[in-house]
Amino acid sequence: MSGQVVHFEIPADDVARARSFYADVFGWQLDTMPDMNYTVARTTPTDSAGMPIRPGAINGGIFTRSDPVHHPVITIDVADVDAALGKVERTGGKTVMPKQAVGEMGYVGYFADPEGNIVGLWQTAT
């Protein structure tokens, strides 16, 4: 488990408005994924695989606000979403969305930490 923050997500009531705002204010490149109801937000240059080329830089996404994500979240890289959620549960957190596939790219899950913050987990498909 790397434990690195690798992604962020911004939920929006009006995705078109949010896309326009972040593109205009910060110059983000925004690419829609209509089949997933998701917008990829590129905040930094990427390589041919879409990964940031600057050390420590991350990209993110914008999507329609819904349960359990109502506020921006960070996403942490893990080797195994199920194992990480198990550890979250054993140490005082709570699973709010179990492991789910994201196309063929990998898996995501969400948890609430003991302070009530929602945090994402990402497992790259192998």
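Guide: We begin with a term: a nonpolar patch joins nonpolar side chains within 5 Å, taken from residues with over 30% relative accessible area and no salt bridge. The model is predicted.

Visitor: Which residues make the nonpolar surface patch of about 310 Å²?
Guide: A patch residue needs over 30% relative accessible area. Val-25, in helix α1 (residues 15-26), has 47% and is partly exposed. The patch is made by Val-25 together with Phe-21 and Phe-26.

Visitor: Is Thr-44 buried or exposed?
Guide: Thr-44 sits in the loop between β3 (38-42) and β4 (59-64). Beyond its neighbours within four places in sequence, Thr-44 is in contact with Pro-52, Arg-54, Ala-57, Ile-58 and Asn-59. Buried means under 20% relative accessible area. Thr-44 has a relative accessibility of 9%, so it counts as buried.

Visitor: Which residues are closest to the centre of the largest pocket?
Guide: The largest pocket holds about 1,200 Å³ of space. Of the 38 residues lining the largest pocket, the closest to its centre are His-7, Glu-9, Tyr-38, Val-102 and Trp-122.

Visitor: And which elements give two or more residues to that pocket's lining?
Guide: The count here is by element, with two or more lining residues required. The elements that qualify are β1 (5-12), β3, β4, β5 (73-77), β6 (94-102), β7 (106-112) and β8 (118-124).

Visitor: Which residues does Met-36 touch, not counting those up to four places away in sequence?
Guide: Met-36 is in the loop between β2 and β3 and is partly exposed, at 31% relative accessible area. Its C-alpha atom is separated by 9.2 Å from that of Phe-63, 27 residues apart along the chain. Contact means heavy atoms within 4.5 Å. Under that cut-off, Met-36 touches Val-102, Gly-103 and Met-105.

Visitor: What is the phi of Asn-37?
Guide: Most residues other than glycine have a negative phi. Asn-37 lies in the loop between β2 (29-33) and β3 and is exposed, with a relative accessible area of 52%. Although Asn-37 is not a glycine, its phi is positive, at about 50°.

Visitor: What is omega for the cis peptide bond at Pro-68?
Guide: Most peptide bonds are trans. Pro-68 is in the loop between β4 and β5. The bond joining Asp-67 and Pro-68 is cis, with an omega of about 5°.

Note on methods: Residues numbered from 1 in each chain as written. Predicted model: local features only at pLDDT ≥ 70, side-chain atom pairs only at ≥ 80, totals over all residues. Heavy atoms only, no water. Patch = residues over 30% accessible without salt bridge, like charges linked within 9 Å, V, L, I, M, F, W, Y side chains within 5 Å. Areas by Shrake-Rupley, 256 points an atom, 1.4 Å probe, with all protein chains shown as cover. Salt bridge = Lys/Arg side-chain N within 4 Å of Asp/Glu carboxyl O. Helix = DSSP H or I, 4+ residues; strand = E, 2+ residues; numbered from the N terminus. Buried < 20%, exposed > 50% of the residue type's maximum accessible area, 1.4 Å probe, protein only. 1 Å grid on protein atoms, 1.4 Å probe; cavity = no way out; pocket = protein on both sides within 12 Å on 5 of 7 lines; lining within 4 Å. Points joined across faces, edges and corners; volume = space filled by probe spheres on them.
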